[in-house]
Amino acid sequence: MAKRVYLQTFGCQMNVYDSERLKSSLLSQGYRMTKTPRDADIIVLNTCSVREKAERRAWGRLSEFCRYKQKNPEVVLVAAGCMAQRLGQALTEKMPYLDLVVGPDRILQLPEYLQNHPKKSQLAICSSRNEFDSQKIWEKEVLPHRKIRFTSFVAVSRGCNNFCSYCVVPYVRGPETHRPIQQIIREVQLLARSGCKEVTLIGQNVNSYQFEGKDFADLLQVVNDQTDIEWIRFMTSHPKDLSERLVEKMATLPKLCEHIHLPLQSGSDRILKKMNRGYTSSDYLKLTDRIKKRVEDVSLSTDIIVGFPSETEEDFEQTLKLLRKVEFDSAFMFRYSVREGTKAAQLKDDVPEDEKLNRLHAIIQLQKEISGRKNQRLLGKIFEVLVDERSRRNQNKWKGKTRSNKTVIVDGNEDLLGKIVSVRISSSDSFTLFGEVQHQIFEKTPIN
Ligand code: 5AD
Ligand code: SF4
């Protein structure tokens, strides 16, 4: 009988993408996926280690699985992804019930490891921290198996060379490697043919994409011109690598959506320097001003870390000030947490936890006000919305996104699913817009 796999994913879009590819690879080799760990012969947790909280969550879940395995010793238990890569052997020493520990660059080899798994409760650690392995990941063209059909992530690069001082990603995901352009086009076109409407091109720092003389702006042009996808998004952008040409593409390419995620991290130049971000607050402000001027109706989102080592009240004030000036549409805000092995781990983590929390609450509150205000300005306006899900709260409502990446809730029926429709905004809060469908802009029948 086919072995059944339960796969759970924590973390960023890249992890989601890796899991989708793993799923596809497992299915093609005769495995079946299950919805609960209780029905599974194999349990896989794809982990994240970007912040301490993410790792704590993964530890908690793995511990639950270990307790389950204690009673069900025939189950094979796998820890995959960034935390698996970071802790390797140490993870199995703390959790002897783990059978396999697989880093992100080896995740597609999991079916082979499972096949060759000689005896349960044995260990196969995969460490893959060299360029050869990282580039090799592109050789295997496995298309992801996706849950939602209308919007998909497509990886354009993996890894990161930036070494922001607080960040563990360059250590766990290794150096940046770029996916061959033709592979990207093939994947986007296959998605478009199967009814997908929108792709988000993902990478830790998409702006530094380079392949055979083509940069990220060129890649966007090619995806725009050579595929039938309706909308194109991308993330994440590093402010230091965002070129004038890219801003130009955002202003002119019809398929490219008007949203940019541009992590600021801090508004204090002193802290930005310690973070090794490679720009000042005034560089950042100039850049966002240019984007706003050139790209009509653009929306901006960001990431902020509060409580980085030595951050004073004054530094924090600078961050609040910049938030007010830029007026982001939304922001992900985090408390600094020490990541072992990073440059910042050598600095004293000297902002007390309760102070970090106070700052976090203050900045969340400010951003909530800004987002609320910005959303209110949209009342009465009409936007194109790609409807991609039923609302979780109300079965008769549907959820979609504007080109500017704002969530919109509309009334309607199942026919809306996967369509790009015109919506008039009637009310809003800080996180969501609510509106009425005006008329359909267009509809394409998926080609199977
Ligand atoms: N502590 C807190 N936040 C972090 N991030 C990355 N590393 C840390 C850390 N050590 C945040 C950054 C990054 C986002 C993905 O996670 O804001 O942009
Ligand atoms: Fe981490 Fe900086 Fe690379 Fe982003 S750009 S993944 S924050 S090192």
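**Figure 1. The second largest pocket lies between domain 3 and domain 4.** Residues 263–377 form domain 3 and residues 382–440 form domain 4; because both give residues to the lining of the second largest pocket, this pocket lies between them. The model shown here, and in the other views, is predicted. The space in the second largest pocket comes to about 510 Å³. Its lining has 23 residues, and those closest to the pocket centre are E296, D297, V298, L378 and F383.

**Figure 2. Elements and residue classes in the lining of the second largest pocket.** At least two lining residues come from each of β15 (299–306), α14 (353–376) and β17 (382–390). The element that gives the most is β17, with three residues. Sorted by class, the lining has twelve charged, seven nonpolar and four polar residues.

**Figure 3. The contact between domain 3 and domain 4.** Four domains divide the chain: domain 1 (4–129), domain 2 (146–257), domain 3 (263–377) and domain 4 (382–440). Between the C-alpha centres of domain 3 and domain 4 the distance is 30 Å. Eight residues on the domain 3 side are in contact with eight residues on the domain 4 side. Together the two domains bury about 630 Å², with 45% of this area on carbon and sulfur atoms. On the domain 3 side, the residues that lose the most area to domain 4 are S299, K368 and N375, which together account for 66% of what that side buries.

**Figure 4. The residues around ligand 2.** The shell around ligand 2 includes a run of residues from the stretch that begins with C160: C160, N162, F163, C164, Y166, C167, V169 and P170. Q204, H238 and R277 are also among the residues around ligand 2. By class, seven residues of this shell are nonpolar, three are polar and one is charged.

**Figure 5. The cis peptide bond between M235 and T236.** Most peptide bonds are trans. The bond that joins M235 and T236 is cis, with omega at about 5°. T236 sits in the loop between β13 (231–235) and α10 (244–252).

**Figure 6. The positive phi of Q265.** Most residues other than glycine have a negative phi. Q265 is a residue other than glycine, yet its phi is positive, near 75°. The loop that holds Q265 runs between β14 (259–261) and α11 (269–274).

Definitions and conventions: Residues are numbered from 1 along each chain as its sequence is written. Chains are lettered from A and ligands numbered from 1 in the order in which they are written. This is a predicted model: local features need pLDDT of at least 70, side-chain atom pairs count only at pLDDT 80 or more; totals for chains, interfaces and linings use all residues. Side-chain values use heavy atoms; hydrogens and water are left out. On a 1 Å grid over the protein atoms alone, a cavity is a set of points where a 1.4 Å probe fits but cannot get out, and a pocket is an open set with protein on both sides within 12 Å along at least five of seven lines; lining residues have an atom within 4 Å of a point. Grid points are joined across faces, edges and corners, and a volume is the space filled by probe spheres set on the points. Helices (H or I, at least four residues) and strands (E, at least two) are DSSP runs, numbered from the N terminus. Ala, Val, Leu, Ile, Met, Phe, Trp, Tyr, Cys and Pro count as nonpolar, Asp, Glu, Lys and Arg as charged, and the others, Gly among them, as polar. Domain bounds come from an automatic or database domain assignment. A residue is near a molecule or strand if one of its heavy atoms lies within 4 Å of it. Contact means heavy atoms within 4.5 Å. Buried area is the accessible area (1.4 Å probe) that two parts lose on being put together, summed over both.
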